[in-house]
Amino acid sequence: MSSSGCDRSDGCILMRTDDNATGVTTLTLNKPEKFNILTWDMLEALQKQLNEIADEEAVKVLIIGASGKAFSSGHDLGEVQTNTHELFKKCSEVMMSLNTLPQPVIAMVQGIATAAGCQLVASCDLAVASDNATFGVSGINLGMFCSTPAVALSRSVGPKQSMQMLLTGNLISAHEALSYGLINKVVPQKDLHSDTIELAVSISGKSNFAIRLGKKMFYKQLQCSNLKDAYSFATEQIVNNIQHHDAKRGIQEFLGRTTSVEKK
């Protein structure tokens with residue numbers, strides 16, 4: 001069973017759909033006539049939903065998509081001029097919330113994803129893009145280095161590729177983004193939704209405890225100052241994981257299957 005809706009107070013600029021059968025929730029940026037720009041209101045709506053989803057055990061995977069021809073062209077330049085500090089601070093909070101959200105987040109990208117739109121893709125744990133998608137951090141073309149998008153981009157893409165995108169402002173194709181490591185998969189536009197859902201369901205069917213522990217562990221070990229500390233932390237996490245009933249059941253079922261095969 002699926003349910004959908006939006007917060008009427010924001011004019012439905014962000015749509016939410018829940019598939020209760022699979023545990024997959026989709027948030028859809030819904031300002032297609034403005035290329036789904038990340039206005040203050042859009043960021044507020046995203047933050048509100050992320051705060052709610054973080055506390056929902058029933059949500060196992062989150063997809064962030066967009067309506068229309070574009071994923072997101074980034075910030076509203078008018079707002080950038082009038083509400084500079086608060087806007088970028090709000091945007092940074094949303095991006096950090098994606099990182100700390102217990103559930104894995106998948107970007108579902110079509111058309112352009114530029115500046116903060118590209119930052120949003122880079123901030124997600126995984127990304128699937130249509131073959132017509134393009135990516136860029138093009139602020140430099142307007143005399144602005146994309147400093148905040150650079151934070152997410154440099155943690156998703158290698159330094160040479162990141163700097164080339166940031167310094168030239170050039171757009172890259174979906175296949176280039178795949179080779180850079182910015183996205184996980186390129187699919188035909190007609191298959192974008194179904195392939196993204198397929199990826200999400202392949203994750204949502206796994207142990208919820210293990211998935212949540214794994215996401216948190218993955219990013220925290222990257223912050224360790226040396227390899228020894230990373231392995232020490234990872235050891236604690238895997239020992240904790242093995243004590244959970246999901247892992248105990250999985251191990252026993254595997255051993256049972258192995259024993260059965262050996263007896264044949």
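Colleague: Which residues of the largest nonpolar core touch the most other members?

Modeller: A nonpolar core is a set of buried Ala, Val, Leu, Ile, Met, Phe, Trp, Tyr and Cys residues joined through side-chain atoms within 4.5 Å. Buried means under 20% relative accessible area, exposed over 50%, and partly exposed in between, with a 1.4 Å probe and protein chains only. Here the largest core has 53 residues, and Val109, Val121, Phe135, Leu182 and Ile183 touch the most other members. Helix H1 (residues 40-54) gives this core its largest share, 6 residues. A second, separate core has 10 residues, among them Val61, Ile106, Met108 and Val128.

Colleague: What should I know about the model before reading on?

Modeller: The model is predicted: local features need pLDDT of at least 70, side-chain atom pairs count only at pLDDT 80 or more, and totals for chains, interfaces and linings use all residues. Residues are numbered from 1 along each chain as its sequence is written, and side-chain values use heavy atoms, with hydrogens and water left out.

Colleague: Leaving aside neighbours within four places in sequence, which residues is Val121 in contact with?

Modeller: Contact means heavy atoms within 4.5 Å. On that basis Val121 is in contact with Phe71, Ala107, Val109, Ala113, Ala127, Phe135, Leu182 and Ile183, leaving aside neighbours within four places in sequence.

Colleague: How many residues of H4 are buried?

Modeller: Helices (H or I, at least four residues) and strands (E, at least two) are DSSP runs, numbered from the N terminus. In H4, 8 of the 8 residues are buried, so this helix is largely enclosed by the rest of the structure.

Colleague: What do the buried residues of H5 pack against?

Modeller: Helix H5 covers residues 147-154, and its buried residues are Pro149, Ala150, Ala152 and Leu153. They pack against helix H4 (116-123) and helix H6 (159-168). Gln161 is found in H6 and counts as partly exposed because its relative accessibility is 28%. Between Gln161 and Gly181 there are 9.7 Å, C-alpha to C-alpha, at 20 residues apart in sequence.

Colleague: How do I read the radius of gyration of the protein chain?

Modeller: The radius is taken over C-alpha atoms, and the globule rule is 2.2 Å times the number of residues to the power 0.38. For 264 residues a compact globule would have a radius near 18 Å; the protein chain has 20 Å, which agrees. The C-alpha trace spans about 70 × 45 × 35 Å along its principal axes. Buried residues make up 44% of the chain, and its secondary structure comes to 11 helices and 10 strands.
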